[in-house]
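This briefing covers helix packing in the structure shown below.

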Amino acid sequence: MSIKKLLLKSITGRPLRSLALLFICVIMSGAVYGGAVVWASLDNGISSLEKRLGADIIVVPKSAGEKTRLEEMLLQGTVGYFYMDKSVSAELDKIDGVEKQSSQYFLVSASSECCSAKVQIIGFDEDTDISVKPWLQNAYSKRLGQNEIIVGSKLTTKVGQIFKLYGVECKAVGKLGSTGTGVDTAVYASSDTVKGLIRAAQSKGISVLSKQSPDDVISSVYIKVREGYDIDEVTAKINLGIDGVQAVRTRSMITGTADKLSVLSAGITILIAAVCILSAVIMLVVFTALANERKGEFALLRVIGFSRARLARQVLGEAFVICVIGALAGIAAASAAVFPFGALIEKKADLPMLSPGIVSVIGYALIAFAAVCVTGPLASAYSAYRLSRIDTGRILREGDS
Amino acid sequence: MKRTILGLAQGVTALVLTIGAFTFFKACGDMDGKFMACHWAQNAVVLVGIVLSVLALVRILLRDDNIRTGLSIGIFALSAATAFIPGTAINLCMMEDMACHTTFKPAVIVISVLLAVLSLGDVIAGFAAGKRRSQ
């Protein structure tokens, strides 16, 4: 019998023992790899959110100014709309420290026409925009025309398709890359298109605005603060100086999310460390117990001519083969759980998630694979040493008596 | 023994696909009394799941190895096709953060791919056994 065959026979000959060890390896590699991918996805999500916020301050009507509501719209994609008088924009110009400002319009589609769900429509002023256009460039670099829209990555509409909103046929001219945030489910259009949609909604009897004309209102103003000015001070000036509005510092909106993320990251790190330590200890105990159980078998192998080194290689080889199979199975199982169900994890965690690139994913898989394939043989090294040093004669005599 | 375990595993997986598709990983519910596109994808998966469960049950009950292999080929083809029902053959809802995209589609894909792998394993085991018998 060849050496390789003996190794495989030894593994398949004791299926329960091999399966138990395999299970430990699957859990360990799955926890290391799956945990690392989830952690990286959350980290990418928050970085993407930070980059995409662009502006320093967001000004919204006081009624909509609750931090949680804005957070929900930005992070979870909760749809909503609110309006304030356009004159706010002129008043903001008078505030010292405001360098640039750009207004936006929010609208929500009617659920029936968008084949199953309400969609957030965001209208922005292309001439003054500071928060949307920089990251829309990759999707569509030209100027958005009337009734032209750019759709978020989580909408199934493809470029060139027609998207009906309040009876108006809008053409999708671009599709955004994934951001891992609530804006992935939104539709972007020029402010003129959104004003036209508000009129179309009114003509269909859907009262979006109470009395005013769409030309007299805006939903929010995004502000870039002049260099040298304190953002918090400018925020306070706006809140004190302009009636009926609420200015929110954008960074403060993601503080809660960042805190949640750091708690979750710490939890994942502790879980990975605990699983690794526990797996290593279990492997060490199992291999030590097996060393005692297999003394007779190894004494016989010595008698038929196996060298000490060959016996040690046999033990290490068995551990290595089980670890390789277990690590690959664990990585496959974790991939099947983390990637297809990523959107579900994002929804349940209430946190922005953006999957890492393929190179990073391969890197995490290699780390998990190496962690398992090093831990297993290391845990069996002591057993290998003990089994290679057995007193053959004494073990066989004990077996006879 | 190996083929019996594979047969039982196929049966359990086909049942999980059938029952799960209208219970614990079902598509979106109705909205204002109207069913959305994903509802029909769910119906299709349940129907195919029932056929897969019947095939798997017959595969368990019959003793003839060649018929078992033939049934497993059928299960393999049908389960591989099932993975393409949600989103490819039948449209799902518009937004990818809805239940049909976050739960139903990934669950159907993972379970039907698992069933395809199990049935492929059974087909390979069946051919290997046939080869041994003919030697």
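**Helix packing around α4(B)**

In this predicted model, helix α3 (residues 65-82) of chain B and helix α4 (residues 99-134) of chain B have axes that come within 8 Å and cross at roughly 155°. Helix α11 (residues 342-349) of chain A and α4(B) also have axes that come within 8 Å, with a crossing at roughly 130°.

**α3(B) with α4(B)**

- Angles over 145 degrees count as roughly antiparallel, so α3(B) and α4(B) are roughly antiparallel to each other.
- The crossing in which α3(B) passes α4(B) is left-handed.
- On the α3(B) side, the contact is made by Asp65(B), Asn66(B), Arg68(B), Thr69(B), Ser72(B), Ile73(B), Ile75(B), Phe76(B), Ser79(B), Ala80(B) and Thr82(B).
- Their partners in α4(B) are Val108(B), Ser112(B), Leu115(B), Ala116(B), Ser119(B), Leu120(B), Asp122(B), Val123(B), Gly126(B), Phe127(B), Ala129(B) and Gly130(B).
- By residue class, the contact of α3(B) with α4(B) has eleven nonpolar, nine polar and three charged residues.

**α11(A) with α4(B)**

- The axes of α11(A) and α4(B) cross at roughly 130°, and α11(A) is therefore oblique to α4(B).
- α11(A) and α4(B) cross in a left-handed sense.
- Ala343(A), Leu344(A) and Lys347(A) of α11(A) meet His101(B), Thr102(B) and Thr103(B) of α4(B).
- The residues of this contact of α11(A) with α4(B) comprise two nonpolar, three polar and one charged.

Key. Residues are numbered from 1 along each chain as its sequence is written. Chains are lettered from A and ligands numbered from 1 in the order in which they are written. This is a predicted model: local features need pLDDT of at least 70, side-chain atom pairs count only at pLDDT 80 or more; totals for chains, interfaces and linings use all residues. Axes are lines fitted to C-alpha atoms, for helices over the stretch in contact, and angles run from 0 to 180 degrees between N-to-C directions. Helices (H or I, at least four residues) and strands (E, at least two) are DSSP runs, numbered from the N terminus. Angles under 35 degrees count as roughly parallel, over 145 as roughly antiparallel, 65 to 115 as roughly perpendicular and the rest as oblique. A crossing is left-handed if the near helix is turned anticlockwise from the far one by less than a right angle, and right-handed if clockwise. Two residues are in contact if their C-beta atoms, placed from the backbone, lie within 7 Å. Ala, Val, Leu, Ile, Met, Phe, Trp, Tyr, Cys and Pro count as nonpolar, Asp, Glu, Lys and Arg as charged, and the others, Gly among them, as polar.
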